[in-house]
Amino acid sequence: MRDRRWYVARVRQVVPAFKGAALTVILADRAKDEAMQRTQLRTTQLGATGLEITRVGFGAWAIGGGGWEFGWGPQEDADSIAAIHRALEIGVNWIDTAAAYGFGHSEQVVGRALEGLAERPYVFTKTSLVEGPGRRVVHNLKRDSILREAEASLGRLGVDAIDLYQIHWPIPEEDIEEGWSAFAELKQEGLVRHIGVSNFNAEQLRRIQSIAPVETLQPQYSLIDRDAEKELLTLAEHEGIGVIVYSPMASGLLTGRMTRDRIARLPDDDWRKSDPRFREPQLSRNLALVERLKTVAARHDTTPGAIAIAWTLLNPGVNGAIAGFRRADQVDPILTAASIELAGDDIDEIEARTR
């Protein structure tokens with residue numbers, strides 16, 4: 001296995017092959033950045049990237065459909081595109097997808113939704129999970145694989161450059177330096193604008209920082225999954241790393257619409273059927289949390305899901321939260337999360353604290 005110094009040297013030797021193309025992309029991106037700042041929703045800076053993002057973004061995991069290891073069951077592409085268009089109409093200015101979601105299908109749907117738009121949103125995607133036997137994911141952080149995946153994502157999305165490219169999982173761990181070096185190479189060539197990671201721990205972040213700065217981090221974070229609070233969010237805030245969190249509604253569990261009966265009727269190819277959060281003994285505790293969210297939601301004339309997202313946005317280390325939508329009618333009730341101001345009594349209620 002090559003050591004870290006080899007990868008640092010490799011990156012420093014990279015010479016951009018497309019300087020002219022990269023300059024064209026930069027000029028176009030500046031114009032788009034100005035356009036993206038005109039939105040109806042509250043926005044914030046994504047770390048030190050210079051990107052001004054809405055506090056809630058469109059998550060495209062579920063629109064990858066079913067029929068693969070982490071699918072969400074059947075999904076109509078027309079519904080997905082309608083949901084994307086509704087979110088953009090309201091003012092959402094970024095979409096987060098991944099090559100693994102339906103093994104390219106989510107990216108294809110996003111690309112179709114963006115065709116012909118005068119002003120497209122920022123497009124974030126991820127790599128490192130490739131299709132294996134039986135439509136199961138295989139982890140690959142080798143340079144050649146990442147470069148192939150980046151090219152394929154660009155084609156499916158129909159963009160000249162990916163606004164934010166992220167390593168999906170730090171697996172195999174012994175290859176994260178090689179993978180991150182490939183990301184630095186892609187950025188230098190102008191094929192991606194910014195680079196970040198998802199599901200990395202603090203030690204892994206520190207390991208790759210010497211190769212190229214980590215611009216963003218995407219951890220799982222919700223009222224049910226709070227591990228990121230232990231060190232990651234504090235580290236990111238201290239280092240100026242932008243943070244967008246995924247599953248703030250715990251994969252739909254905190255929306256207020258997930259009942260025991262509905263969970264029992266989830267399609268067989270919906271990965272949540274085997275998720276411990278959706279099964280006992282965790283389920284009863286999580287549904288009790290939903291009841292508290294409903295109480296707070298009633299005070300703010302909104303939905304439990306919006307309250308769950310607003311809670312994640314309270315953390316000073318969090319810049320934005322990813323909310324997944326499968327239909328246009330799901331969009332409006334959730335996007336209120338971007339402007340909800342939770343009070344101390346609300347937090348006490350949500351977290352079942354007593355003063």
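Let me start with strand S9, residues 192-198: seven of its seven residues are buried, meaning under 20% relative accessible area, with exposed over 50% and partly exposed in between, using a 1.4 Å probe and protein chains only. Strands here are DSSP E runs of at least two residues, helices are H or I runs of at least four, and both are numbered from the N terminus.

A word on the source. This is a predicted model, where local features need pLDDT of at least 70, side-chain atom pairs count only at pLDDT 80 or more, and totals for chains, interfaces and linings use all residues. Residues are numbered from 1 along each chain as its sequence is written, and side-chain values use heavy atoms, with hydrogens and water left out.

Now the neighbours of S9. Strand S8, residues 162-167, pairs with S9 in the parallel sense over five bridges. Pairing requires that DSSP finds at least two bridges between the strands. Tyr 165 has Ile 195 in S9 as its bridge partner. From S8 the chain passes through helix H6, residues 176-188, to S9, in a right-handed β-α-β crossover. Right-handed means that, with the strands pointing away from the viewer, the path from the first strand over the helix to the second runs clockwise.

On to strand S10, residues 216-218. S10 runs parallel to S9, joined by three bridges. Gly 196 is partnered by Thr 216 in S10. Again the unit is right-handed β-α-β, made by S9, helix H7 (residues 202-209) and S10.

Which strands form the closed barrel? There are eight, in the order S3-S4-S5-S8-S9-S10-S11-S12, with parallel pairing. The twist averages 30° from one strand to the next. Strand S3, residues 56-59, pairs with strand S12, residues 320-324, over four parallel bridges. There, Gly 59 stands opposite Gly 324. Helix H6 packs on the sheet, touching S5, S8 and S9, and its direction makes about 160° with that of S9. Contact means heavy atoms within 4.5 Å. Axes are lines fitted to C-alpha atoms, for helices over the stretch in contact, and angles run from 0 to 180 degrees between N-to-C directions.

Next, Arg 136. Arg 136 sits in the loop between strands S6 and S7. Buried or exposed? Arg 136 is partly exposed, at 47% relative accessible area. Its contacts, not counting residues up to four places away in sequence, are Glu 69, Phe 103, Val 130 and Glu 131. With Glu 69, the side chain of Arg 136 makes a polar contact of 3.0 Å. That term covers N or O pairs within 3.5 Å; within protein, one atom must be able to donate a hydrogen and the other to accept it, and residues adjacent in sequence count only if both atoms are side-chain atoms.

Some backbone points. Most residues other than glycine have a negative phi, and most peptide bonds are trans. Phe 103 has a positive phi of about 50°. Phe 103 lies in the loop between S4 and H4, and is buried at 16% relative accessibility. Ser 247 also has a positive phi, about 55°. Ser 247 is buried too, at 10%, in the loop between S11 and H9. The Ile 171 to Pro 172 bond is cis, with omega near -5°. Pro 172 is in the loop between S8 and H6.

Finally, the whole chain. The protein has 13 helices and 12 strands. Of its 355 residues, 57% are buried.
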